[in-house]
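Visitor: I'd like to go through this one from a modelling angle. Can we have the structure up first?

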Amino acid sequence: MAQDNPFGQVLVALVTPMTADGEVDWPGVEKHIDDVISAGADGIVVTGTTGETSTLTDSEKIRLVEVGRDVAAGRAKIITGGGSNETAHAIELYKHSEQAGADGIMIVTPYYNKPTQAGILTHFRMVADATDLPVILYDIPGRTGVPIKYETIIRLAKHPNILAIKDAKGDFSEVSRVLNQTDLMYFSGDDANVLPHLSIGATGLIGVTSNIAPAPYRTIVDAVNRGDLATATAAHRQLEPLVRAVGTHVPGTVAVKYILHGLGRISSPRVRLPLVGPEEWEAALIEDEIDLVQGIPGVDFHNFRPDRNAAAGGALPKIAGTTR
């Protein structure tokens, strides 16, 4: 690899714990960050999709970086995700995140306004120009409406600050092509595909299920690093029903909070509208998957006590400070 990795390999796309009325639970945030770092994460992505970036205020996003930096205390890298589909606003957010102590930034493709590839290229370049931090591009066309095409990735790879890409479109042949043609690091953005991505040369993962179980992802990455496919495959298979529980029935954020609350690791499963907790039948499906989970290090589902009533509905945030 042509450059050092400033991000880590096992990155958690952190949920943002909230109180029952939808406020950010700051002590809960500190505890959760410490929990996942202690269990093997070496990078934390705050304010990403899983962190409910769409419904966080700017001031909350910046504070999440500050809290992450303070709790990590050098044990893990703090990456700020999210951004904006308005280039000027994205630049402002990332500049403030840099000042708040972020170690890197993850820029999502502008969503909803469906720019051309020229617009995507310009957006990423301008944001990367505005920061000294290393940049991860976030390619998730299922949410943004547009992919970052291969030709655009190749051009962006020439930017000195753009070092990596998070892949959530599942085109393995393109991953191999980009790895052959650039020095970009690849991060798997799909929990079910972490081991396949690593097997063709990806650097690591930015995971959702790792909020619940970072340890087996640490096992997978360390095993791949030393060429031990058998150990990596065993951990991958052990994770499969939990990955299905998190990623199949409701948005990942909703499922993770429901499960973490059932395990007693966060105080409330609340998400902010328009997300809502799982309906009765969705909760039942999640619990059916969890019944199949066995022996995952650091997670004891014998103590799983989900509270469907606490998860029902959503909560409006009380807007404070900057509301964009």
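Guide: One convention before the elements are named: helices (H or I, at least four residues) and strands (E, at least two) are DSSP runs, numbered from the N terminus. The model is predicted, with local features needing pLDDT of at least 70 and side-chain atom pairs counting only at pLDDT 80 or more, while totals for chains, interfaces and linings use all residues. Residues are numbered from 1 along each chain as its sequence is written, and side-chain values use heavy atoms, leaving out hydrogens and water.

Visitor: Fine. How many helices and strands does the protein have?

Guide: There are 13 helices and eight strands. The C-alpha atoms fill a box of roughly 50 × 50 × 35 Å along the principal axes.

Visitor: What share of the 324 residues counts as buried?

Guide: The figure is 55% of the 324 residues. Buried means under 20% relative accessible area, exposed over 50%, and partly exposed in between (1.4 Å probe, protein chains only).

Visitor: And among contacts between residues at least 6 apart in sequence, what share joins residues at least 24 apart?

Guide: That share is 73%. A contact is a pair with heavy atoms within 4.5 Å.

Visitor: On to pockets. How much space lies in the largest pocket?

Guide: About 1100 Å³. On a 1 Å grid over the protein atoms alone, a pocket is an open set of points with protein on both sides within 12 Å along at least five of seven lines; a cavity is a set where a 1.4 Å probe fits but cannot get out, and lining residues have an atom within 4 Å of a point. Points are joined across faces, edges and corners, and the volume is the space filled by probe spheres set on them.

Visitor: Which lining residues are the closest to its centre?

Guide: Thr 49, Thr 50, Tyr 138, Ile 140 and Arg 143, out of 46 residues that line the largest pocket.

Visitor: Which element gives the largest share of that pocket's lining?

Guide: H10 does, with three residues. Helix H5 (141-144), strand S8 (204-207), H10 and helix H11 (252-262) each supply at least two lining residues.

Visitor: What lines the second largest pocket?

Guide: The second largest pocket holds about 210 Å³. Its lining runs through Glu 287, Ile 290, Asp 291, Val 293, Gln 294, Gly 295, Ile 296, Val 299, Asp 300, Phe 301, His 302 and Phe 304.

Visitor: Phe 301 is in that list. Which residues have the most contacts inside the largest nonpolar core?

Guide: Ile 44, Ile 212, Leu 242, Ile 259 and Phe 301, in a core of 88 residues. A nonpolar core is a set of buried Ala, Val, Leu, Ile, Met, Phe, Trp, Tyr and Cys residues joined through side-chain atoms within 4.5 Å. Helix H10 (residues 229-247) gives the largest share of this core, seven residues. A second, separate core has 15 residues, including Phe 7, Tyr 138, Leu 163 and Ala 164. Tyr 138 also belongs to the group closest to the centre of the largest pocket.

Visitor: Back to Ile 44. What does Ile 44 touch?

Guide: Leaving out residues up to four places away in sequence, Ile 44 touches Val 12, Leu 14, Ile 33, Val 36, Ile 37, Lys 77, Ile 78 and Ile 79.

Visitor: Where is Thr 47?

Guide: Thr 47 sits in the loop between strand S2 (43-46) and helix H2 (58-72). Thr 47 is buried, at 1% relative accessible area, and its phi is near 55°, a positive value in a residue other than glycine.

Visitor: What about Tyr 112, buried or exposed?

Guide: Tyr 112 counts as exposed, because its relative accessibility is 74%. Tyr 112 is in the loop between strand S4 (104-108) and helix H4 (117-129), and its phi is also positive, near 70°. Most residues other than glycine have a negative phi, and most peptide bonds are trans.

Visitor: Which residues does a cis peptide bond join?

Guide: Leu 273 and Pro 274, with omega about 15°. Pro 274 is in the loop between H11 and H12.

Visitor: And Pro 297, where is that?

Guide: Pro 297 is in the loop between helix H12 (280-290) and helix H13 (308-311). Pro 297 is partly exposed at 40% relative accessibility. Beyond residues up to four places away in sequence, Pro 297 touches Ala 215, Pro 216 and Gln 238. Pro 297 and Gln 238 are 59 residues apart along the chain, with 9.8 Å between their C-alpha atoms.

Visitor: Last one: what is Ala 100 in contact with?

Guide: Setting aside neighbours within four places in sequence, Ala 100 contacts Ile 62, Val 65, Glu 66 and Arg 69. Ala 100 lies in helix H3 and counts as buried at 4% relative accessibility.
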